[in-house]
Amino acid sequence: MKRIYTTLLSLSLLTASQFVLANVNMEQAENFYKRTCATCHGKSADKPALGQSKIINTLNSEEIYTALSDRKSGKIQGAGNMVKSRLSEEEIKMLSELVPILKK
C-alpha cells in the first residue's frame, strides 16, 4: 500500500505536460530539431534566433511547450511564427522535451 501511495504521490507532482512528454522518441526529436530549428537556434539551442530570441536551451520543457504553442496560435508574434505555425502537437511535445537537454 505504501508503494502505491508513493507512486501516486510522485505522479501527482508531475505537471500535465511533463507526464505527456515522457514518451517522446528522443532520436526522432533530435533529427526534427536539426532539420527545423538548428539553423536559427544553433546546434545546441544556444543562439538567440535572428539575434532576438532567448537562448532556448535555458528554458524548461513546460516553458518551451507554452512558447511554441503561443507562437503557433499567434499569441506571441515574431519572425519564427511562420515555421512554428506548421508544428503539430506531437512536434511541439518532442521539441519541448529535447531542447532543455541540448546544453553542453
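One salt bridge is counted in this predicted model, a salt bridge being a side-chain nitrogen of Lys or Arg within 4 Å of a carboxyl oxygen of Asp or Glu. It joins the side chains of K34 and E30, at 3.7 Å from N to O. The two residues are four apart in helix α3, about one helical turn. K34 is partly exposed at 45% relative accessible area, and E30 is partly exposed at 35%; the class lies between buried (under 20%) and exposed (over 50%), with a 1.4 Å probe and protein chains only. Residues are numbered from 1 along each chain. Local features need pLDDT of at least 70, and side-chain atom pairs count only at pLDDT 80 or more, whereas totals for chains, interfaces and linings use all residues.

The largest pocket holds about 670 Å³ of space. A pocket is an open set of points on a 1 Å grid over the protein atoms alone, where a 1.4 Å probe fits, with protein on both sides within 12 Å along at least five of seven lines; lining residues have an atom within 4 Å of a point. The lining comprises 27 residues, and H41, S53, I56, R71 and K84 lie nearest the centre. Two or more lining residues come from each of α3 (26–36), α4 (38–41), α5 and α6 (81–85). Helix α5 gives the largest share, five residues.

Helix α5 spans residues 61–73. Its 13 residues reach 18 Å from first C-alpha to last, close to the 18 Å expected at 1.5 Å a residue, taken over one less than the number of residues. S61, I64, L68, D70 and R71 are its buried residues. Just after α5, G74 takes a positive phi of about 90°.

Key
Heavy atoms only, no water. Points joined across faces, edges and corners; volume = space filled by probe spheres on them.
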